[in-house]
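Please look over the sequence and the model shown here before reading on. The paragraphs that follow go from the chain as a whole to its sheet, its domains and its core, and end with a few single residues.

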Amino acid sequence: MKTLEEFKAYYDATMRPRLEAMQAERLRALPHIWRHIRWLLAAWALTFVVALARGMTLQQIYEDLLPVHVLIPFALVGVVLWRLFRFVIRVNPILQRCKDEVIVPMVRWLAPELTYDPKGSLDLELAKRSNLIPRYDSMKGEDYFRGRLGQTELEFCELKVTYETVKREGGERKVERHEVNGLFLVASANKAFMGETHIYPDYAEAIIGDSAARMLSTNHLKSGLHLIHLEDPAFENLFKVYCTDDVEAHYLLTPSLMARLTAYREKVGWDVHLSFKDSRLYAYFPPTAGKAFMLFDVGGFNNLADFDVMKRIYDELAMALGIVEELNLNTRIWGDLQPAQA
Amino acid sequence: MGTWLAVLVVALVVVVMPIWMYNSLITNRNQVQNAFGSMDAMLKQRYDLIPNLVSAVQTYMQHERSLLNELTELRTRAASGSVSAEEHAELDNRTTRALSALRVAVENYPDLKASQNFLQLQAALNEIEEKVGAARRNYNRSVTDYNNAIETFPRSMMAASMRLQRKPVFEVAEAERQAPDVKALFRA
């Protein structure tokens, strides 16, 4: 993948002029809602001024002008919604053109060793088999990458997961719909193994400490899997490990790999869930601490000409591709020397 | 209500806790035995690799006869079934040193290094060495959990009545703790 300096040079030479033109279009489409809000508020204030000037008391103003007090807020909301709706209608084609004409060529230039399909997805059965998606009713993938980095086959895509939860509030059944955007990745593992080893973020240990977290460990949750603790305290503070075979888990999670995983997690700043299963490494990056993926997309309220907007896409791609180097997946000196399929 | 609560607390202390302590100590002890068995199985796999390794390299490494003979002898003694636990550990350490010396010696034989057969064996050896290391780490973790269980209150009382003794963790031989003299390796 290209370096940040190379990307900045490419951005300045190729992307900036087009993005600035699109940004100008986007600004023309902006709803200028404040203008309408100011007028409506001014009209509302004027009714008060006129009423007071005619000697009405506040009580009379409230009672006699009630229709005005109801109409104006409704009008405000209606105007805002209408202008936002019109903005979305006008800005969506601009965003789509931004993706097709700027972002897609940018991504292909950044990672020429991979094929990129903006509407494609990896096999969602892989995501379900990985045991990394905690809950889902349906899944959809897009922005699909596939290729080989060194000796490692990998594929990844943005994964939209939807699920419903049911709450009971005062005897009433309330259904809430959730949508989670994350990044899902599959890579060929560099070691042969038979069982399963899963690595999850350990929120409990980071908050309440090791002993209490051990007491809370819910061994029954993952069928056939049990919780184990490893020697690296920094790793243990960030992750918890479930496995079917203790020795195999130690074989996969060497002190070197634990240190690399810890450093990778701190570098990317996203929660990372990993599993070693079926001769593959699965990785899932859900939204973390208020951040969300908008993988290879920009929002209608982003400044299209801002370098940081495109740099966010660069960072997300670097995070996905970085997993191969950071976890040393191209070192294949154990067992079968042939690179496996992802 | 107060009486029932007192009865419940007494039942917990007198009946439930001792059962829990006994069971957890037995679990820890069995875990150590299981981990030791895994370590033993990995070491056996390593010994089983030695005949293939010696066969693959002896044609090339004419000047390393003594090293190859040592490896063969170590393997034969380990497989004989008549060694004590202490001798087993000593054999294991000597095998580790001999295999390390073999890895260094191979550097002098470029034809051997290019041999596909040797490369496959080397990969298999790397894998088994890493698995042996993993088994040792797992064993040490089990022993540490066991030692913590028998030495911390209140399980230490139950452990004393069961005559459970502290176990040593697996330690690297003193010679292997020394940092390798890279210059000496190059001179050799």
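Helices (H or I, at least four residues) and strands (E, at least two) are DSSP runs that are numbered from the N terminus. This is a predicted model, in which local features need pLDDT of at least 70 and side-chain atom pairs count only at pLDDT 80 or more, while totals for chains, interfaces and linings use all residues. Residues are numbered from 1 along each chain as its sequence is written, and chains are lettered from A and ligands numbered from 1 in the order in which they are written.

Chain A holds eleven helices and nine strands. A residue is called buried if 20 or more other C-beta atoms lie within 10 Å of its own, exposed if 12 or fewer do, and partly exposed in between, with C-beta atoms placed from the backbone; by this count, 28% of the 342 residues of chain A are buried. Two residues are in contact if their C-beta atoms, placed from the backbone, lie within 7 Å. Among the contacts in chain A with a separation of 6 or more, 70% come from residues 24 or more positions apart.

The sheet comes next. Two strands are said to pair if DSSP finds at least two bridges between them, and in chain A nine strands form an open sheet with antiparallel pairing, in the order β1-β2-β3-β4-β9-β8-β5-β7-β6. Because β1 and β6 (226–228) of chain A stand at the edges with a single partner strand each, one side of each is left without a neighbour in the sheet. Direction ignored, neighbouring strands of this sheet are turned by 25° against each other on average, where axes are lines fitted to C-alpha atoms, for helices over the stretch in contact, and angles run from 0 to 180 degrees between N-to-C directions. Helix α11 (residues 307–326) of chain A packs on the sheet, where it touches β2, β3, β4 (172–188) and β9 (280–285) of chain A, and its direction makes about 50° with that of β4(A).

In turn, β2(A) pairs in the antiparallel sense with strand β3 (residues 152–169) of chain A over ten bridges, and here A:Gly141 stands opposite A:Leu159 in β3(A). The hairpin of β2(A) and β3(A) has two residues between the strands, and A:Gly150 takes a positive phi near 65° in it. Within β2 of chain A lies A:Asp143, which has a positive phi of about 55° although it is not a glycine. A:Asp143 counts as buried because it has 26 C-beta neighbours inside 10 Å.

A:Lys160 belongs to strand β3 of chain A, and its 18 C-beta neighbours inside 10 Å are why it counts as partly exposed. Although A:Lys160 and A:Lys140 are 20 residues apart along the chain, their C-alpha atoms are separated by 5.1 Å.

How is chain A divided into domains? The domain assignment, whose bounds come from an automatic or database source, gives domain 1 (4–108) and domain 2 (117–326). The C-alpha centres of domain 1 and domain 2 of chain A lie 37 Å apart, and 18 residues of domain 1 of chain A are in contact with 13 residues of domain 2 of chain A. On the side of domain 1 of chain A that touches domain 2 of chain A, α4(A) gives the most, with ten residues.

A nonpolar core is a set of buried Ala, Val, Leu, Ile, Met, Phe, Trp, Tyr and Cys residues joined through C-beta atoms within 7 Å. In the largest such core, which has 90 residues, A:Phe156, A:Leu185 and A:Ala283 touch the most other members. Helix α5 (residues 116–151) of chain B supplies the largest share of this core, ten residues. Leaving aside its neighbours within four places in sequence, A:Phe156 has contacts that include A:Phe145, A:Leu183 and A:Ala320.

Finally, in chain B, a cis peptide bond with omega of about 0° joins B:Phe153 and B:Pro154, and B:Pro154 is placed in the loop between α5 and α6 (155–161) of chain B.
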